[in-house]
There are 2 protein chains.
Amino acid sequence: MTTTPAPDPAVQDPVQHPVQHPVRDEDFLRLDQQICFSLNAASRAFGGVYRVVLKDLGLTYPQYLVMLVLWEHGELPVKKVGEHLRLDSGTLSPLLKRLETAGLVRRERSARDERSVVVGLTDEGTALREQALRVPRRIAAATTFELDEILELRARLDKLTNALDAAALDETPGCGA
Amino acid sequence: MTTTPAPDPAVQDPVQHPVQHPVRDEDFLRLDQQICFSLNAASRAFGGVYRVVLKDLGLTYPQYLVMLVLWEHGELPVKKVGEHLRLDSGTLSPLLKRLETAGLVRRERSARDERSVVVGLTDEGTALREQALRVPRRIAAATTFELDEILELRARLDKLTNALDAAALDETPGCGA
DNA sequence: CACAGTTAAGTTGTGCACAACTAAATGACG
DNA sequence: CGTCATTTAGTTGTGCACAACTTAACTGTG
């Protein structure tokens with residue numbers, strides 16, 4: 001039930017695919033075969049832990065990510081924040097507005113380029129970093145993983161993300177023209 | 001820049017933590033040190049690929065997951081669907097209503113237990129499975145991972161999810177009483 | 001300078017996740 | 001039998017992700 005390698009060479013449906021793979025499409029369609037589901041589940045399980053841990057800071061997880069970027073890089077235009085987090089303005093604009101309302105962040109139009117809005121930390125936002133320092137260890141403890149195990153998993157996930165991004169580009173209709 | 005084990009024993013802030021770990025909190029707070037971010041990124045990258053692949057079927061990814069459960073198990077009460085997918089009625093009720101509107105599922109109150117609503121496939125919903133059979137392979141191809149690599153990653157992720165769920169339980173305030 | 005093309009934020013609309021709540025049905029127990 | 005706790009769906013409200021669009025500012029070229 002947990003691994004199920006099932007390299008069954010007997011293909012049931014020779015019509016659509018003239019054999020070539022040792023695994024049937026039917027097997028692949030099982031929920032517990034979908035890597036994406038495991039990924040999704042893990043991501044949401046993380047969400048639950050972060051929700052608890054970040055409640056003290058008054059942050060959601062995406063807000064915490066934005067704060068991480070600002071603590072690490074200081075002032076940044078919205079565009080740059082989005083590049084670090086793979087988020088666009090459609091997500092960031094309302095999120096940053098909420099952080100501004102919370103008094104953690106300040107937003108002002110760049111003088112050099114009036115299109116750009118520079119996001120910076122308020123004193124309160126800077127101060128919050130002290131409390132945030134304790135977060136990663138609590139999260140790491142919740143995983144029960146050793147550090148090297150975490151590093152390896154992260155490497156695999158990053159490799160996966162790169163592959164998927166590349167695939168999304170040439171799967172997108174209107175890119176072969 | 002990529003791994004940074006940094007087992008630096010020189011702790012900068014001896015006040016809060018009387019040493020004990022070889023890694024400083026500061027290091028852990030870097031964005032590229034957060035597994036959760038890699039996980040989140042991978043999950044969203046998958047989302048992008050699924051969005052493209054599932055467009056032909058007229059399904060979103062969560063809707064696809066519900067269909068997977070129904071194709072595999074047939075009729076199920078909403079509660080059971082939620083158990084398979086770790087989703088509650090707050091998410092499923094509107095989602096199932098959309099699938100019903102799309103003509104893929106049918107919902108009816110159970111006669112035996114009037115609280116329960118049984119979700120089943122329409123003929124159209126059953127027929128859609130044929131097209132869905134091609135999906136997993138396209139996704140697997142997009143990952144560029146070998147099957148055994150996928151299996152191993154999935155095993156790690158499931159282990160992680162279990163650990164996080166367990167941690168969420170005893171982190172939740174009001175469980176030690 | 002004029003103007004087409006590009007870029008940065010923001011807005012709108014849809015859908016998902018989840019907490020908190022409501023309503024209705026069921027089950028257990030005195 | 002009546003009452004109360006539990007179970008099951010559904011609703012409401014908040015926040016995130018993303019596509020599609022708008023607006024304003026910049027850039028390059030003739």
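This is a predicted model: local features need pLDDT of at least 70, side-chain atom pairs count only at pLDDT 80 or more; totals for chains, interfaces and linings use all residues.
Residues are numbered from 1 along each chain as its sequence is written, chains are lettered from A and ligands numbered from 1 in the order in which they are written, and side-chain values use heavy atoms, with hydrogens and water left out.

**DNA strand C**

- DNA strand C is surrounded by 26 residues, of which the closest are A:Lys79, A:Ser89, A:Lys97, B:Thr91 and B:Arg98; a residue is near a molecule or strand if one of its heavy atoms lies within 4 Å of it.
- Of the atoms of DNA strand C that come within 4 Å of the protein, 78% are accounted for by sugar and phosphate.
- The side chain of A:Arg115 has an N or O atom 3.2 Å from a base oxygen of DNA strand C.
- From chain B, a backbone N or O atom of B:Glu114 lies 3.3 Å from a phosphate oxygen of DNA strand C.
- Helices (H or I, at least four residues) and strands (E, at least two) are DSSP runs, numbered from the N terminus.
- The surface near DNA strand C has 12 charged, 8 polar and 6 nonpolar residues. Ala, Val, Leu, Ile, Met, Phe, Trp, Tyr, Cys and Pro count as nonpolar, Asp, Glu, Lys and Arg as charged, and the others, Gly among them, as polar.

**DNA strand D**

- Around DNA strand D there are 26 residues, the closest being A:Arg98, A:Glu114, B:Lys79, B:Ser89 and B:Lys97.
- Sugar or phosphate makes up 78% of the atoms of DNA strand D within 4 Å of the protein, and bases make up the rest.
- An N or O atom in the side chain of A:Gln63 is 3.2 Å from a phosphate oxygen of DNA strand D.
- Polar side-chain atoms of chain B also lie by phosphate oxygens of DNA strand D: one of B:Arg107 at 3.0 Å and one of B:Ser116 at 3.3 Å.
- The elements that give two or more residues to the surface near DNA strand D are helix 3 (61-73) and helix 5 of chain A, with helix 2 (35-55), helix 4 (78-85), helix 5 and strand 2 of chain B.
- By class, the surface near DNA strand D divides into 12 charged, 8 polar and 6 nonpolar residues.

**Chain A overall**

- Chain A contains 8 helices and 3 strands, in the order α-α-α-β-α-α-β-β-α-α-α from the N terminus on.
- Of the 177 residues in chain A, 44% are buried, where buried means under 20% relative accessible area, exposed over 50%, and partly exposed in between (1.4 Å probe, protein chains only).
- Among contacts (heavy atoms within 4.5 Å) in chain A between residues at least 6 apart in sequence, 49% join residues at least 24 apart.
- Chain A has an accessible surface of about 9600 Å², with 54% belonging to carbon and sulfur atoms; accessible areas come from the Shrake-Rupley method with a 1.4 Å probe, and for residues only the protein chains shown count as cover.

**Strands of chain A**

- Strand 3 (residues 117-121) of chain A is largely enclosed by the rest of the structure, because 5 of its 5 residues are buried.
- A:Val117, A:Val119 and A:Leu121 point one way from strand 3 of chain A, while A:Val118 and A:Gly120 point the other way. In a regular strand the side chains alternate between the two faces of the sheet.
- Strand 1 (residues 76-77) of chain A runs antiparallel to strand 3 of chain A and is joined to it by 2 bridges; two strands pair if DSSP finds at least two bridges between them. A:Leu76 has A:Val119 as its bridge partner.
- Strand 2 of chain A is joined to strand 3 of chain A by 5 bridges, again antiparallel, with A:Val105 opposite A:Leu121.

**Sheet of chain B**

- In chain B, 3 strands form an open antiparallel sheet in the order 1-3-2.
- Strand 1 (76-77) and strand 2 (105-109) of chain B are at the edges with a single partner strand each, so one side of each is left without a neighbour in the sheet.
- Strand 2 and strand 3 (residues 117-121) of chain B pair over 5 bridges, and B:Arg109 has B:Val117 as its bridge partner.

**A:Thr143**

- A:Thr143 lies in helix 7 (residues 135-143) of chain A and is buried, at a relative accessible area of 0%.
- Not counting residues up to four places away in sequence, A:Thr143 touches A:Phe46 and A:Ile150 in chain A, and B:Ile35, B:Leu160, B:Ala163 and B:Leu164 in chain B.

Conventions: A polar contact is a pair of N or O atoms within 3.5 Å; within protein, one must be able to donate a hydrogen and the other to accept it, and residues adjacent in sequence count only if both atoms are side-chain atoms.
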